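These are my notebook entries on one structure.

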Amino acid sequence: MLEAAASALDNLSACPCVLGVLPHRIGFLFVGVLMGLSLGAFPGLGGLTGLAILFPFTFDMDAYAAISILIGLLAVSQTGDTIPSVLFGIPGTVGSQATIMDGYPMAKKGEAGRAFGAAYTASMIGGVFGALVLAVSIPVLRPIISAFATPEFFMMGIMGISMVSVLSGSAPVKGLIAGTLGLMLGMVGLDPQGGLPRWTFSQLYLWDGLSLVPVTLGVFAIPEVVDLAIRGTRIADVPREAMKGVWTGIRDVFQNWFLMLRSSAIGVWIGFIPGLGAAVVDWFAYGHAAQTERGAQESFGKGDVRGVIAPESANNAKDGGGLIPTLAFGVPGSTVWAIMLGAFLIHGINPGPELLTTRLDVTFTIIWSLAIANVLGTAICLLLTPQLAKITMVRVTLITPVVIAVVFLAAFQSTAHFGDLISLLVFSLMGWLMKRFGWPRPPLILGLVLSGILEANLFVAILAHGSGWAARPLVWLIGILTLASIAYGMAQSRRTRQKSSNRDAVVARRKLAFGPASLFTLVILVFLLSALARAWQWPFHTGIFPWTVAGIGVALCLIQLGSEVWTAAAPAQREQGGLMDLPVDRDVPAALVVRRAATLFGWILGYFAAIWMLGFIISTPLFVWAYLAVYAREKQRAALACALLVAAVLLGVFHYLLKVAWLPAVIGGPEKAIVETIGR
Amino acid sequence: MQKDRSKRLWGAVCGAVVLGLMLEAGPSSSATFDEGAVADFYKGKIVTVVVGFAPGGGYDVTARLVAKHLGEHIPGNPTVIVENRPGAGSLVAANLVYSSLPQDGTIVGNIHPQLMFQQLMGGAGIEFDGRKYHWLGSLSAGRNACAVHKDTGVTQLEQIMGPDGRTVKMGGEAPGSGVTDATAVMRAALDLKFRIVYGYKGIAPIARALLSREIDGMCTTWETFIASYKNLFEPERLVNVLVIAGTEVPDHPWADKAVAAQAVAPTEEARRLLIAAGAPRQISYPYTVGPDVPADRIAALQQAFARMLADEAFIADYRKTGSPLVGRNAEELNAIVDELLSMPPETVANLKEALKRRVGP
């Protein structure tokens with residue numbers, strides 16, 4: 001095996017020595033890494049986009065070069081995605097949603113550099129760890145995979161959903177409601193058993209279910225932009241001298257080496273289980289850290305570096321795990337790996353047992369590529385960090401419209417359908433209201449991504465195994481682990497709560513009250529009830545999951561509403577203490593908050609309307625210019641420069657490179673004329 | 001459904017045999033249009049291939065190959081690009097190409113042929129008539145086939161046939177997907193003792209479940225088995241292919257236990273069910289333009305497609321995807337779609353009955 005590993009390194013460097021002349025395959029790896037970083041850094045784009053574009057171009061390369069460039073791209077898209085997560089609170093890919101929970105507050109505290117340092121280092125070590133685990137697990141791969149079937153997948157989903165309890169912090173009921181809402185949103189679309197449309201309102205767009213990217217961007221990104229504009233300061237609200245550096249972040253990782261290793265192990269594990277994938281891996285790691293780290297229940301969500309280390313090491317480690325089923329079975333664990341599998345086949349590499357026996361050199365080429373790509377990616381990012389951190393010092397008015405435009409483009413990448421934009425708008429408002437009224441948002445996303453996994457696998461488990469599914473040893477093992485981690489997390493949070501309740505005893509005078517927060521709860525209750533009413537006619541196998549989840553949601557909503565109406569002990573402030581979500585500024589007066597938020601949402605709606613009327617290509621620079629010149633009263637030069645910058649990205653990346661299918665606008669003439677002039 | 005097709009592409013032995021290139025010199029229309037006028041129109045234009053699926057799948061990759069090669073065969077040599085409009089198993093794209101997008105011959109749709117079957121079944125959301133599309137041709141073809149794991153002890157189809165047959169658990173997705181419909185129609189037409197485990201998300205998870213023995217067997221196409229799931233047969237023969245749609249069994253060592261479905265079908269009606277369920281498989285990766293495109297441009301595009309199918313460079317590129325190229329021209333494709341969509345009402349009723357969700361056997 002060691003020989004194979006060494007000869008694989010030679011393959012990669014394309015020369016008989018390990019440290020030879022500039023190896024051209026490493027060069028390809030480098031190109032892949034650069035692409036992966038840039039795509040990851042752009043919200044809504046990621047490894048998958050890059051692979052799909054690059055794939056046809058690798059047809060004429062030699063096998064090792066092709067694998068190098070593709071693996072390079074794939075390995076680091078989860079490194080580059082940290083940039084928007086930390087700087088703007090916008091998840092760069094679905095794999096870095098959890099990173100914003102502490103990364104963005106760190107940037108606000110002037111610790112963007114530190115967050116980057118920690119994130120990249122964790123990413124690198126996580127990625128290398130993933131590759132290592134893959135390497136040492138080769139002999140035992142097949143039996144492990146065979147032991148996993150739908151009952152175990154279902155239990156992994158249960159383990160994931162149990163994270164809701166810890167991700168809800170001090171607002172457990174709200175967290176559970178958010179979780180049930182997420183589960184229900186995840187059921188929108190054709191149901192996995194009957195193929196009947198559920199809650200699709202005759203919209204084909206909803207048949208495949210809600211697209212994750214517009215929902216996450218809506219729930220997390222837009223609310224941060226809105227709040228940034230409400231606050232009206234720079235992202236980092238501390239002077240430049242206080243900006244903590246990259247080195248601190250790197251040191252943080254080594255100080256928390258055990259957390260990093262645990263998170264990496266979680267990453268490999270989730271990557272290995274087919275169907276869970278990128279969207280949950282970061283939450284698993286973040287939830288695990290919140291459950292097990294000392295004092296995490298208090299400090300997470302407020303810029304704790306450990307909240308960055310956990311998801312970042314996990315999301316790079318998962319690629320090593322994702323390779324396992326792809327290589328051993330020739331059955332890809334996700335779409336990304338399906339493309340990689342295609343690439344392997346084209347280049348004469350047949351996945352399956354041979355890769356683990358006679359063609360180990362190929363396997364090790366892959367593993368080396370994965371490891372080296374992670375190191376390269378981190379090095380590049382660390383070099384860029386001091387420059388990137390300066391963005392947090394830029395005036396917020398300049399950032400706001402650009403970020404909104406980027407978010408719109410990112411959401412639209414999902415399916416190039418108007419539904420993506422509508423979904424973005426709806427969830428933006430919802431996300432912002434949830435944030436304002438102290439509802440934890442991570443459970444919503446967790447429910448959304450786990451919903452399908454839970455439902456589909458439970459049905460299959462019952463159909464395939466009968467009641468015997470529950471008797472499988474691994475099912476029990478995962479179940480016990482889940483219960484143990486819930487219990488541990490509860491014990492931790494009780495300890496934390498005891499400490500904090502000694503500090504500030506809450507005034508618990510009971511009286512009747514009904515404020516805007518309760519109105520929001522009421523709206524959710526009505527929403528759940530009407531969803532339930534629509535679901536009433538469905539056949540059993542289509543309806544049983546929605547009925548159960550919505551029923552639980554209604555009951556929880558009633559409890560929540562009751563507690564809100566009858567206890568008015570300043571609930572918002574009380575919950576902010578340990579809410580596992582980004583903190584809300586309470587210094588801006590409420591009336592001003594409402595006015596500024598309304599204005600900003602007005603601009604966002606206006607942008608949407610403009611896209612509808614005139615199309616993306618005209619509306620986007622127009623929106624940026626209008627916001628800056630008309631609303632923010634910036635200098636004409638700055639406004640035009642920003643508009644041009646956005647137009648350049650739109651045309652260069654989206655029009656020419658990605659060949660996005662733009663929407664036919666109502667007044668389509670001008671846009672058509674532009675497209676016909678500039679070509680493709 | 002989408003996964004089913006894309007995984008098929010991914011599969012495949014490198015250098016897979018090109019099963020056959022059924023080509024004529026285009027749909028006898030090469031002389032019926034004014035090449036100069038068409039060239040004038042397409043010169044400097046962009047022709048967009050609208051793919052009904054997301055980037056990265058089989059539809060997307062093959063469409064990108066078509067985009068690379070088709071333009072040089074169209075008079076005026078327009079630039080051909082790919083746009084992805086994924087949604088509802090390409091139904092979104094199918095509806096768009098049929099009516100909302102320009103009908104000037106600059107939009108080519110690449111949609112899933114299973115939609116034609118869904119039209120026959122009166123499926124929801126369909127806003128097109130498959131007979132009114134102007135088909136250009138298709139790239140691949142397959143035959144439904146069912147395989148069962150050797151550990152079940154089942155090696156002959158008759159062991160799972162009829163009232164005394166043994167029950168086997170077959171993997172399925174939600175009703176309406178290609179895999180599930182193939183399984184259900186085989187069950188109905190040949191009276192097979194299939195217990196269908198609905199709910200897998202795609203064909204790859206079904207194959208994985210078969211390997212871990214969660215299920216006993218699966219139905220997909222014969223071509224998918226040999227191209228994408230080689231590991232079910234080598235190095236050790238784990239499954240036996242028991243039945244393959246068609247009138248005869250392919251001459252292949254892995255098909256040694258298989259029987260031809262049409263040959264064992266008890267009635268004429270059973271054969272019709274098999275033909276209907278198999279029709280979409282016959283025209284994988286089809287390309288079409290909307291109903292109102294000018295006739296001369298349709299003829300030009302059909303001719304270009306046929307020429308592309310015969311183009312050595314295209315064949316060489318396509319072979320690299322691992323999927324066998326079984327090209328069909330416009331005429332052949334139209335014939336298959338017409339036969340499918342003119343199935344008699346009682347057959348349609350029987351199909352609907354067969355495709356209802358029923359675990360069974």
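The entries below follow the order in which I looked things up.

**Entry 1: conventions.** I note that this is a predicted model, in which local features need pLDDT of at least 70, side-chain atom pairs count only at pLDDT 80 or more, and totals for chains, interfaces and linings use all residues. Residues are numbered from 1 along each chain as its sequence is written, chains are lettered from A and ligands numbered from 1 in the order in which they are written, and side-chain values use heavy atoms, with hydrogens and water left out.

**Entry 2: confidence.** I looked up pLDDT, the predictor's confidence in each residue, from 0 to 100. Chain A averages 84, and 90% of its residues score at least 70. Its residues 503-508 have a pLDDT below 50, and this stretch has five contacts beyond near neighbours in sequence; a contact means heavy atoms within 4.5 Å. In chain A, pLDDT also stays under 50 over residues 570-577. For chain B I found a mean pLDDT of 88, with 91% of the residues at 70 or more. Residues 1-30 of chain B stay under 50, although the model has 106 contacts for them beyond four places in sequence. For the complex, the predictor gives an ipTM of 0.83 and a pTM of 0.88.

**Entry 3: chain A as a whole.** How many helices and strands does chain A have? I found 30 helices and two strands; these are DSSP runs numbered from the N terminus, helices being H or I with at least four residues and strands E with at least two. Of the 680 residues of chain A, 62% count as buried. Buried means under 20% relative accessible area, exposed over 50%, and partly exposed in between, with a 1.4 Å probe and protein chains only. Among the contacts in chain A with a separation of 6 or more, residues 24 or more positions apart account for 80%.

**Entry 4: the cores.** A nonpolar core is a set of buried Ala, Val, Leu, Ile, Met, Phe, Trp, Tyr and Cys residues joined through side-chain atoms within 4.5 Å. The largest one has 252 residues, of which A:Phe408 and B:Leu139 touch the most other members. Helix α20 (residues 396-412) of chain A contributes the largest share of this core, 14 residues. I also found a second, separate core of 91 residues, which includes B:Ala147 and B:Met186.

**Entry 5: helix α19 of chain A.** This helix (residues 360-390) has 31 residues and reaches 46 Å from first to last C-alpha, close to the 45 Å expected at 1.5 Å a residue. The expected span is 1.5 Å times one less than the number of residues. Where does α19(A) bend? It bends by about 45 degrees at A:Leu384, and the proline A:Pro386 follows within four residues; the bend is the angle between axes fitted to the seven residues ending at a residue and the seven starting there. A:Thr385, also in α19 of chain A, is buried at a relative accessible area of 1%. Beyond four places in sequence, A:Thr385 contacts A:Gly113, A:Phe116, A:Tyr120 and A:Val246.

**Entry 6: helix α3 of chain B.** Its 13 residues (58-70) should span 18 Å, and the end C-alpha atoms are 18 Å apart, which agrees. I noted that eleven of the 13 residues are buried, including B:Tyr59, B:Val66 and B:Leu70.

**Entry 7: single residues.** Is B:Ser90 buried or exposed? B:Ser90 is buried, with a relative accessible area of 0%, and lies in the loop between β2 (79-84) and α4 (91-100) of chain B. Its contacts beyond four places in sequence are B:Gly52, B:Phe53, B:Ile111, B:His112 and B:Leu115. A:His288, in helix α14 (residues 278-292) of chain A, is also buried, at 18%. A:His288 and A:Met163 are 125 residues apart in sequence, with C-alpha atoms 7.7 Å apart.

**Entry 8: backbone angles.** Most residues other than glycine have a negative phi, and most peptide bonds are trans. A:Ser202 has a positive phi near 60 degrees and is exposed at 71% relative accessible area. A:Arg633 has a positive phi of about 50 degrees and lies in the loop between α28 (616-631) and α29 (636-657) of chain A. A cis peptide bond joins B:Gly360 and B:Pro361, with omega about 15 degrees.
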